[in-house]
Amino acid sequence: MSRPLLHPLTLLVLGTLIALIPLTVACGKDSPTTPTPSAPSQPPPPPVATRITITPASVTLNEIGQTVQLAAQVFDQNNNVMTGITVTWTSRNSEIASVSTAGLVTAVKYGTTRIAAMSGNITQDVEVKVVQTVGRIEIEPAEATLTAIGETVQLAARVQDRNGQTIEGANVTWRSSDTEVARVSTTGLVTSTGNGTTRITARSGSTEQDITVRVMQTPTGIAIEPSETILTAIGETVQLIATVVDPNNRTIEGAAVAWQSSDTTVATVNDDGLVTAVNNGDATITATSGDLSASSDIKVMQTPASIVIDPDESILAAAGDTVQLTATVLDHNGHAIDGADVTWSSSDESIATVDEQGLVTGVAGGIVEITAQTGEVSSVSLISVKGTGLDRETLTAFYHATNGGQWNNNDNWLSDVPLSEWHGITTNSAGEVTQIQLGQNNLRGPIPAELCNLSALESLELSWNELTGNIPPELGLLTNLTFLWLASNDLTGNIPSELGQLTDLGLLWLSDNGLTGGIPPEFGQLTYLRSLDISGNELTGDIPAELGQLTSLTTVHLLNNELSGNVPPELGQLTDLTHLDLDGNRFTGTIPHELGQLYRLERLGLSANELTGEIPIELMQLTELTDLSLSSNRLTGDIPSELAQLTNLEKLSLSKNSLTGNIPPELGQLTELTFLGLGYNMLTGSIPPELGQLTRLENLFFDRNELNGNIPPELGQLTNLRELWFKDNNFTGNIPSEFGQLENLSSLTFDDNRLTGAIPPELGQLTELGTLWLAENSGLTGPLPDTFTGLENVSWLTLSVTGLCVPPTSAFRTWIDGIQSAEGVVYCSGL
């Protein structure tokens, strides 16, 4: 291993020491020596400035006039601070910042410059920034009030720093606190947009200042539209609009306006400018706002719109009899026009004449129209003059109009024998026709309007024929009519409102035709009506609330139309009603609880509508009910257990709704029931065994719910059952063998459940069975019982998706072959 070399400095020291050894030895000799004099010392060089430092090294001034003291140190070549040295200060741009001879810098304006310190030939400088921080903003004017929409005012913002010096070119943004009062541009121009007060704010940097701007429109003009109007009916109105404007002709919204009529006996005006005609004449309507006003000229001049003749129909018993007609001319608001000129005319003066005052005189038997006319408006009154042979002539016309030659029975018609001997005709002691009974007699064609000549007619029965066309409104003249039966024909068109004049009518049956339109509210005048049947037509619209006035009604049949709207609660006033049939329409809303007042009601039919809500508890008061049909609606909620109070109920149909909850066991108390429909709901829970007490039941439907649990064997006691449906539920367990006792059963469905086990052989005793569905019960297993080969009436059998099989015997094969529809049949193997 080599040794390290000695450091060069070490070698130098050693060499020096060796050289000094002889000198040391010489100095030790005793011989004297003469000292050598020393050379004189040189003065140090003078200090020379070589650099300068400035403190602080950079400066930022935030306001004009702000100062900062700079300090300079000068260093010589030996890096020593030189004192008493002269330093000169200068600014490269004294318009931005100035500097005194002592180094005091003063901000002059926004910008950047450099301040230099000089000593001799040496200089040093620092950067100085003048950045003026916003201290406050002044806005001129300090507030503003504008008196017109669209008026403007120019705002000026002076931005100052904290020393109160203006910051030239400062960026300013503007905003309005409510632009619906005034908006402001980027340059501070304010424009009014609506009455009110807003704050206009100027912002520069983080500093803001605002002023109040008020917009208060000053009215300078007013105008009315329309400026003139003619009103042609008493009670007619016109809305006047007064527009108050400001100096820019902009509308002053909400300006107070007072209205006044120059003649309130002609026209009045309310506080909103609505003018109403009072009487014929002229009036001026004035609108005033402050010192401003404007006017509109109103002329009321009634124009005939209709004429009412009283009476509008009349029967004269004989030639020479008279009746005074009165014509009232009405404007389009139904107000009489006093002094209107009316002219009278007769359509056939050989039957009746009329004088200038409207006095009608009968001349001969027949029907005539008496016309009252004013201008282009007219009206007629129908006058029937009784004469010898008029009833016979009327029946003859009826015979020909309805194809009498092809009637099933037309005995004595058109003969000279008394009318009472004509088939279907009844007369009174005076020989006047009182009844026409021609139902199911092959009448064809329209009902002639001439029937209105039979002024003594009390009963008109033309049902079950092929009559066509409209129901003549002239039948409304048969004021003695008590029975009108036109059902089961091919009649079309609207039901004439004139039938509402038959105030003695006790029965009105128009069912099973092709009638359209609505139920006339005039039916509310038929206060003696006991039975109304207009079912099986194409009627639309609401049930008129006026029907609630017919307190004599006992039966109302409106089913199978296209009626809509809510069921009127006014029907609850018909306390004598025993049957209310509204099935098969488009009624919406809830079932009125007022129907619970119909204490005599035996049937309530509301099925096949669009009713919603829960079953009203008030219906549980209808203890006379035998039929409650609410199926095929959108009813919700639970089945009320209070239904058990309806002990006379024979039919309860609640299927095809959205009912929930359990089946109340209290339904087992309705021992008169023959029909119970609960299918197509969302019922849950199990079937109450108490339903096994309903021994009169013939139809029982549980299908398409969410019922579960075992099927109660107690249902096997319902020996009158013809239909029993369990399909589409979640029933489990075995099929009860007790069902073999249901000897009258024709339809039994178990499909789509979770039943298990074998089929009880007792079902082979159901000899009336035609439908047996067992499909979609994967837990049902084993061969069909041998007893099934005796079920000779089965036409529909389903076994799909089960574990059931058919024994491959000749008897079973013969039985299966005899079934019209047998689905999912699998023959057993290994038997």
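**View 1. Ser-459, a buried strand residue.** Ser-459 counts as buried because its relative accessibility is 8% (buried: under 20% relative accessible area, 1.4 Å probe, protein chains only). The residue lies in strand S41, residues 459-461 (strands: DSSP runs of E, at least two residues, numbered from the N terminus). Beyond neighbours within four places in sequence, Ser-459 is in contact with Thr-434, Gln-435, Ile-436, Gln-437, Leu-481 and Phe-483 (contact: heavy atoms within 4.5 Å). The model is predicted: local features need pLDDT of at least 70, side-chain atom pairs count only at pLDDT 80 or more, and totals for chains, interfaces and linings use all residues. Residues are numbered from 1 along each chain as its sequence is written, and side-chain values use heavy atoms, with hydrogens and water left out.

**View 2. Stacked rings around Phe-726.** Phe-726 and Phe-739 are stacked, because their ring centres are 5.9 Å apart and their planes at 15 degrees (pairs: Phe, Tyr or Trp rings, the six-membered one for Trp, with centres within 6.5 Å; stacked: planes under 30 degrees apart). This pair ties together parts 13 residues apart in sequence. Phe-726 has 0% relative accessibility, so it counts as buried. Phe-726 also stacks with Phe-750, at 5.4 Å centre to centre and 5 degrees between the planes. That pair links parts 24 residues apart in sequence.

**View 3. Charges over tyrosine rings.** The charged end of Lys-656 sits over the ring of Tyr-680, 5.2 Å from its centre (Lys NZ or Arg CZ within 6 Å of the ring centre and within 35 degrees of the ring normal). Arg-813 lies over the face of Tyr-827, 4.3 Å from the ring centre.

Definitions and conventions
Helix = DSSP H or I, 4+ residues; strand = E, 2+ residues; numbered from the N terminus. Buried < 20%, exposed > 50% of the residue type's maximum accessible area, 1.4 Å probe, protein only. Phe/Tyr/Trp six-rings, centres within 6.5 Å; stacked < 30°, edge-to-face > 60°.
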